[in-house]
Amino acid sequence: MNIHEYQAKAIFQEFGVPIPEGGMAESPLEAREITSSLTRGKIALKAQIHAGGRGKAGGVRVVDGPKEAENTAKEMLGMTLVTPQTGPEGKVVRKILVERAVDLAREIYAGVTVDRGKRRVVVMGSEAGGVEIEQVARETPEKILSERADPAIGFRAFQAFRLAKGLGFPSNLVRQGAGILSALYRLFVTLDCTLVEINPLGITSDGEMVAIDGKVNFDDNALFRHQEIRELDDPHEAEALEREASKHNLNYIKLDGNVGCMVNGAGLAMATMDLIKLAGGEPANFLDVGGGPTVEIVKKGFQIILADPNVRVILVNIFGGISRCDVLAEGVVQATRAIGAGVPLVIRLEGTNADEGRRILKKSELDFVTATNLDDAAQKLMSVLRNQPGWI
């Protein structure tokens, strides 16, 4: 689960990380009032959407006073912001973070995530702050310093000081810098995060440290322990079909292709998308119906897939392990009769009760295309797709 920058900064403040003065506005009048309450100087207005690259897209603007803040907020609120991370459809700006602009002397990157290869939480830093860390890793990886926390004893003070010194903090700020790095680690572990990031962590011309931008992502599987975090979720930021799927415990992610996928098991779903790409198609979604889906779950999965107007054909790829192929087949039949597929269905069943599942499909006398194995499924899928009007 992702949250907005203003929410991340509120959490930073709870853990002792310094942030600029400011507040969140949902109207031009609120933007004016917040600006009036801040100390004199320039004010930054920052569009709040779940995507990076806002500044280059016009989502971060600097103003001189309350009236200009109000007028600028009128322009920003309701605008559709398109960045490299939003896709061409962009995201609508509904909230603005209004905060005191900071005169920076240096910018540093600081972040915490999981090093899955080492099975450790890793605290990272780079002197190349203000730049996407992926770009730094690709072009100048030597600029990224890191310390891995032992799961038994955590992130130790000496590691924080070693990282702070390596990042070149001025001697009078090494202790504070180490404290901020330790605070980010505590935040990460306490709130079950998958990513905590400050980019940049600024050192001002007055020698102060402040988090200029912040990003916090949480592990969805741990949200049951953090009701206060769950309440930070912004329903406007999630893709509508993904939100609907989550209500029914379906793991669904919308993609840009035209081949709908219904699969049981995340690994098989990933392999199925690879299969589609290898055959020359483009998957329209990731959909894992889980280990023991019911007929109703299968029906709901079809409804969500078919709600995407880009879907031209659906591939149902089921391996009966925990799931039974006959239950999945019955769900496919009932869903097709209840809501109508509207597009061709290619179905491959294998595993527990696969023969019974194929019998159910055949007995239904519905117009399914059945496949005997993965290669056969891929060939039949592309044959069906290429025979459709408008295929290029």
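Axes here are lines fitted to C-alpha atoms, for helices over the stretch in contact, with angles from 0 to 180 degrees between N-to-C directions. Helices (H or I, at least four residues) and strands (E, at least two) are DSSP runs, numbered from the N terminus. The model is predicted: local features need pLDDT of at least 70, side-chain atom pairs count only at pLDDT 80 or more, and totals for chains, interfaces and linings use all residues. Residues are numbered from 1 along each chain as its sequence is written, and side-chain values use heavy atoms, leaving out hydrogens and water.

**Helix pair H2 and H3**
- The axes of H2 (residues 28-37) and H3 (residues 66-76) come within 8 Å and cross at roughly 150°.
- The two helices are therefore roughly antiparallel (over 145 degrees).
- H2 passes H3 in a right-handed crossing (the near helix is turned clockwise from the far one by less than a right angle).
- Pro-28, Ala-31, Arg-32, Thr-35 and Ser-36 of H2 meet Pro-66, Lys-67, Ala-69, Glu-70, Ala-73 and Lys-74 of H3 (heavy atoms within 4.5 Å).

**Backbone exceptions**
- Most residues other than glycine have a negative phi, and most peptide bonds are trans.
- Asn-199 and Pro-200 are joined by a cis peptide bond, with omega about 10°.
- Pro-200 lies in strand E10 (residues 193-204).
- Asn-353 has a positive phi, near 60°. Asn-353 sits in the loop between strand E17 (345-351) and helix H12 (354-363).
- Asn-353 is partly exposed at 34% relative accessibility (buried is under 20%, exposed over 50%, partly exposed in between; 1.4 Å probe, protein chains only).
- Glu-365 also has a positive phi, about 60°. Glu-365 occupies the loop between H12 and strand E18 (368-371).
- Glu-365 is exposed, at 73% relative accessible area.

Key. Parallel < 35°, antiparallel > 145°, perpendicular 65-115°, else oblique.
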